Amino acid sequence: MDKQTPLVEMRDMHIAFGGIKAVDHVSVNLYPGEVVGLLGHNGAGKSTLIKILSGAYAADGGEIFVNGEKATINNPRDARRYNIETIYQTLALADNLDAASNLFLGRELTTPMGMVDDDAMEAECRKIMGRLNPNFQKFSEPVSALSGGQRQSVAIARAVYFNAKILIMDEPTAALGPHETQMVSELIQQLKSEGIGIFLISHDIHDVMELCDRASVMKNGQLVGTVDVNDVTDDDLLSMIILGKRPENVNVDA
Ligand SMILES: Nc1ncnc2c1ncn2[C@@H]1O[C@H](COP(=O)(O)OP(=O)(O)O)[C@@H](O)[C@H]1O
Ligand SMILES: [Mg+2]
C-alpha cells in the first residue's frame with residue numbers, strides 16, 4: 001500500500017442531535033503506521049466523530065473512504081468488515097476469564113468434537129502476546145489480576161488478532177501510571193511498525209505529543225485544524241483547544 005492512500009478518510013462529516021451540531025463538517029484522515037490524536041475539550045465532538053467511524057452513529061452527511069474506496073458504515077458489523085476496531089476506555093474484558101478466553105470471547109476455537117479448545121486458544125494467545133507485549137506472562141490468571149497496561153494489551157491483542165487495520169483508542173492512558181503508560185506507548189510503536197493506523201482520542205496534550213504523529217483539534221463540533229506534532233509546541237495545541245486559534249507559521253490542514 002502506498003503512503004499516498006490514507007487507510008481511512010472522513011470527508012465533511014456532520015451530525016446534529018436536536019439543535020446541537022455535535023460534528024460540524026469535519027474532515028480527518030489517517031495513514032498506515034500513523035497515530036492521529038483527536039484533541040478537544042469535553043463536548044468538542046471527538047467521541048461522536050469516532051462513533052460515526054465505528055458504526056455506532058449514522059452521520060447526517062459526509063463520506064468515508066477506506067483505502068481510497070467509498071465505504072458504507074451503518075453499524076458496528078460494517079465497521080469490522082472494513083477492519084476498523086474500537087478499544088473502549090472500559091476495554092470490555094470479562095474480568096473472571098484469562099487472557100486467552102478474553103482474546104476469543106464469543107469467537108472461541110473448538111476441537112473437531114465441538115469442545116472449546118483451551119490449549120489452541122492459549123497457544124494463539126501466547127503467539128500474539130509474544131508479538132505485541134513480549135514481557136506478558138500472566139496467561140493463567142483472570143484478567144482482573146492484570147495491571148491496567150496489561151489489560152490494555154489484551155484488549156488490543158483481541159482487535160489485532162481479528163485483523164484490525166484501523167484502531168480507535170479512547171483515552172488509552174487515562175487511568176494509567178507512568179510505567180503502564182510506557183507499556184501502552186511501546187504497544188502503540190509495535191502496532192505502527194505493522195502498518196496499523198490509530199485514532200487516539202485524548203485530552204492530554206503530553207500524551208498526544210509523545211504518542212501521535214499528527215493531531216486534529218476539535219472545538220464546538222468543528223475542526224480547528226490538523227497539525228504535525230513536530231511543528232507545534234504544547235502551547236500551540238492549547239491555543240487550538242481553548243481558543244480555537246491556529247498556530248502561525250505552521251502548516252495547518254483544515
Ligand atoms: N447521543 C447523543 N444525544 C444527544 N446529544 C449528544 C449525543 N452524543 C453526543 N451529544 C452531544 O454532542 C456534543 C459532542 O459530544 P461528544 O462527541 O461526546 O464530545 P467529546 O467526545 O469531544 O467530549 C455534545 O454537545 C454532546 O452533548
Ligand atoms: Mg468523548
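Tutor: Strand E3 (residues 35-39) and strand E9 (residues 214-219) run parallel and are joined by 4 bridges, and within this pair Leu38 has Ser216 of E9 as its bridge partner. This is a predicted model, in which local features need pLDDT of at least 70 and side-chain atom pairs count only at pLDDT 80 or more, while totals for chains, interfaces and linings use all residues. Residues are numbered from 1 along each chain as its sequence is written, chains are lettered from A and ligands numbered from 1 in the order in which they are written, and side-chain values use heavy atoms, with hydrogens and water left out. Helices (H or I, at least four residues) and strands (E, at least two) are DSSP runs numbered from the N terminus, and two strands pair if DSSP finds at least two bridges between them.

Helix H8 (residues 234-243) packs on the sheet and touches E3, E9 and E10, with a direction at about 25 degrees to that of E9; contact here means heavy atoms within 4.5 Å, and angles run from 0 to 180 degrees between the N-to-C directions of axes, which are lines fitted to C-alpha atoms, for helices over the stretch in contact.

The open sheet has 6 strands in the order E6-E7-E8-E3-E9-E10, with mixed pairing. Because strand E6 (84-87) and strand E10 (222-228) stand at the edges with a single partner strand each, one side of each is left without a neighbour in the sheet. On average, and with direction ignored, neighbouring strands of this sheet are turned by 20 degrees against each other. Another helix, H5 (residues 148-161), lies across E6 and strand E7 (166-170) and runs at about 165 degrees to E6.

An open sheet of 4 strands has antiparallel pairing and the order E2-E1-E4-E5. Its edge strands are E2 (20-30) and E5 (69-71), each of which pairs on one side only, and the twist from one strand to the next averages 30 degrees. E1 and E2 pair in the antiparallel sense over 8 bridges, with His14 opposite Asp24 in E2; their hairpin has 2 residues between the strands, and there Gly18 takes a positive phi near 60 degrees. Strand E4 (residues 61-66) pairs with E5, also in the antiparallel sense, over 3 bridges, and Val66 stands opposite Glu69 in E5. Helix H1 (residues 46-53) lies across E1 (8-17), E2 and E4, and its direction is at about 120 degrees to E1.

The residues around ligand 1 include Phe17, Ile20, His41, Lys46, Thr48 and Tyr57, where a residue counts as near if one of its heavy atoms lies within 4 Å. By class the shell has 5 nonpolar, 6 polar and 1 charged residues. Oxygen atoms of ligand 1 lie 3.1 Å from a polar backbone atom of Ala44, 2.9 Å from a backbone N or O atom of Gly45 and 2.9 Å from a polar side-chain atom of Ser47.

Notes:
A polar contact is a pair of N or O atoms within 3.5 Å; within protein, one must be able to donate a hydrogen and the other to accept it, and residues adjacent in sequence count only if both atoms are side-chain atoms. Ala, Val, Leu, Ile, Met, Phe, Trp, Tyr, Cys and Pro count as nonpolar, Asp, Glu, Lys and Arg as charged, and the others, Gly among them, as polar.
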